[in-house]
Amino acid sequence: MIIQISIGVLVGIAGYGYLALRPPPPKICGSLGGPPVTSSRVKLDDGRHLAYKESGLPKEEAKHKIIFAHGFGDSKDFYLPLSEELMKELSIYIVQFDRAGYGESDPNPSRTVKSEAFDIQELADKLHLGPKFYVIGASMGAYAIYSCLQYIPHRLSGAALVVPVVNFWWKSIPAKLSQEALGLLPVPFQWTFRVAHYTPWLVYWWMTQKWFPNIMRGDVSVFSRTDLDIIKQLSGAPKESQEKVRQQGVHECLHRDLITGFGKWEFEPANISNPFPNNEGSVHIWQGYEDKHILYKVNRYLSQKLPWIQYHEIPDAGHLLIYNATLCEAIFKALLSF
């Protein structure tokens, strides 16, 4: 009897562990029982769809076509404080898209840093943007831009990485500097990024369990004074609800983003070659000195390793600097100055 009870307990524990570790199947937009499709979408060659939103001049009239990649927990409805007058003055067309698994873009169970570049390239081709285009990525969305610089540099007119994500396990960054950057984050952030890097199969459990705090619990200490001011100002700005951003399942958007961004990359950013050896375009990193998410020293170091990157360090700005209308305008103008 004791043996039977022991076996039953072990089976129960194993069953609980299996369910706790395994994410539920995604609720694909447009599928039976899934959320409705309400946005424009393109169909990729592998059958997935990417949802997108356009702004600025019509692409047929615009001189510059720009693809924007949003950050962690955001969507194609990312708020860019650019006026219609400015977009007309700069002659730009902007397409923002839901990265894989976010909003109304289909999940990609094979998602990697590399796949992000080819999603962008296919989006550009399906929308007939021409042989070259600009790319901008904010925060977590910046790893898609690093990917473009590595894998499709011949398609780029220019690139901007705004407060770009740092993978603390890049070998080209001194370990002491990486550990300093990681150690300045709140402990729940540190552990979440470690879980994503070392045990990606545990991410779903880690992000949904209730015993230990993770990055989803909310911690205002990761925001600078200027960030908090911006958050206050943005409280009345139009923004897509988090329910819609995550509607296909948190694992397909947030968790896969963490696994991809903090996992093992196929390349080192510090080893990327200059995509514009004849100065026919430019690459920019914009970094807030007061950024409490990304230690400025890391992106400063990276830009020194890659002298062809134009590094802009803003003294009184934090992680949300792109929401500052003056800085957002400067980012776009600098990118188009070539």
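The structure is a predicted model, in which local features need pLDDT of at least 70 and side-chain atom pairs count only at pLDDT 80 or more, while totals for chains, interfaces and linings use all residues. Residues are numbered from 1 along each chain as its sequence is written, and side-chain values use heavy atoms, with hydrogens and water left out.

A search of the whole structure finds 0 disulfides, a disulfide being a pair of cysteine sulfur atoms within 2.5 Å. For Cys-253, the closest cysteine sulfur is that of Cys-29, at 11 Å, which is again too far for a bond. Cys-253 has 0% relative accessibility and so counts as buried (buried means under 20% relative accessible area, exposed over 50%, and partly exposed in between, with a 1.4 Å probe and protein chains only). Cys-328 counts as buried as well, at 0% relative accessibility.

The strands are considered next. An open sheet of 8 strands has the order β1-β2-β4-β3-β5-β6-β7-β8, and its pairing is mixed. Helices (H or I, at least four residues) and strands (E, at least two) are DSSP runs, numbered from the N terminus, and two strands pair if DSSP finds at least two bridges between them. At the edges of the sheet are β1 (40–43) and β8 (309–314), each of which pairs on one side only. From one strand to the next, the twist averages 25 degrees. Axes are lines fitted to C-alpha atoms, for helices over the stretch in contact, and angles run from 0 to 180 degrees between N-to-C directions.

Strand β3 (residues 64–69) is largely enclosed by the rest of the structure, because 6 of its 6 residues are buried. In a regular strand the side chains alternate between the two faces of the sheet. Both faces of β3 are covered, with His-64, Ile-66 and Phe-68 buried on one side and Lys-65, Ile-67 and Ala-69 buried on the other. β3 pairs with strand β4 (residues 92–97) in the parallel sense over 6 bridges. Opposite Ala-69 stands Phe-97 of β4. Strands β5 (residues 133–138) and β6 (residues 156–162) also run parallel and are joined by 6 bridges. Here Ile-136 has Ala-160 of β6 as its bridge partner.

Two packed helices are described by the angle between their axes and the distance between the axes. Helix α5 (residues 175–183) and helix α11 (residues 296–305) have axes that come within 9 Å and cross at roughly 150 degrees. α5 is therefore roughly antiparallel to α11 (angles under 35 degrees count as roughly parallel, over 145 as roughly antiparallel, 65 to 115 as roughly perpendicular and the rest as oblique). Leu-177, Glu-180 and Ala-181 of α5 meet Lys-297, Val-298 and Tyr-301 of α11, where contact means heavy atoms within 4.5 Å. By class, this contact has 4 nonpolar, no polar and 2 charged residues; Ala, Val, Leu, Ile, Met, Phe, Trp, Tyr, Cys and Pro count as nonpolar, Asp, Glu, Lys and Arg as charged, and the others, Gly among them, as polar. α11 also lies across β7 (283–288) and β8, running at about 155 degrees to β8.

Ser-178 is found in helix α5 and counts as buried at 3% relative accessibility. Not counting residues up to four places away in sequence, Ser-178 touches Phe-168 and Ile-173.

The axes of helix α6 (residues 187–198) and α10 are 8 Å apart and pack at an angle of about 75 degrees, so α6 and α10 are roughly perpendicular to each other. Thr-192, Phe-193, Ala-196 and His-197 of α6 make the contact with Leu-258, Ile-259 and Phe-262 of α10. The residues of this contact are 5 nonpolar, 2 polar and no charged.

The loop between α10 (250–262) and β7 holds Trp-265, which counts as buried at 9% relative accessibility. Leaving aside neighbours within four places in sequence, Trp-265 is in contact with Val-113, Tyr-143, Tyr-146, Asn-167, Trp-170 and Thr-260. The C-alpha atoms of Trp-265 and Ser-147 are separated by 9.7 Å, although these residues are 118 residues apart along the chain.

Most residues other than glycine have a negative phi. His-128, which is not a glycine, has a positive phi of about 55 degrees. His-128 lies in the loop between α3 (113–126) and β5 and is exposed, with a relative accessible area of 65%.
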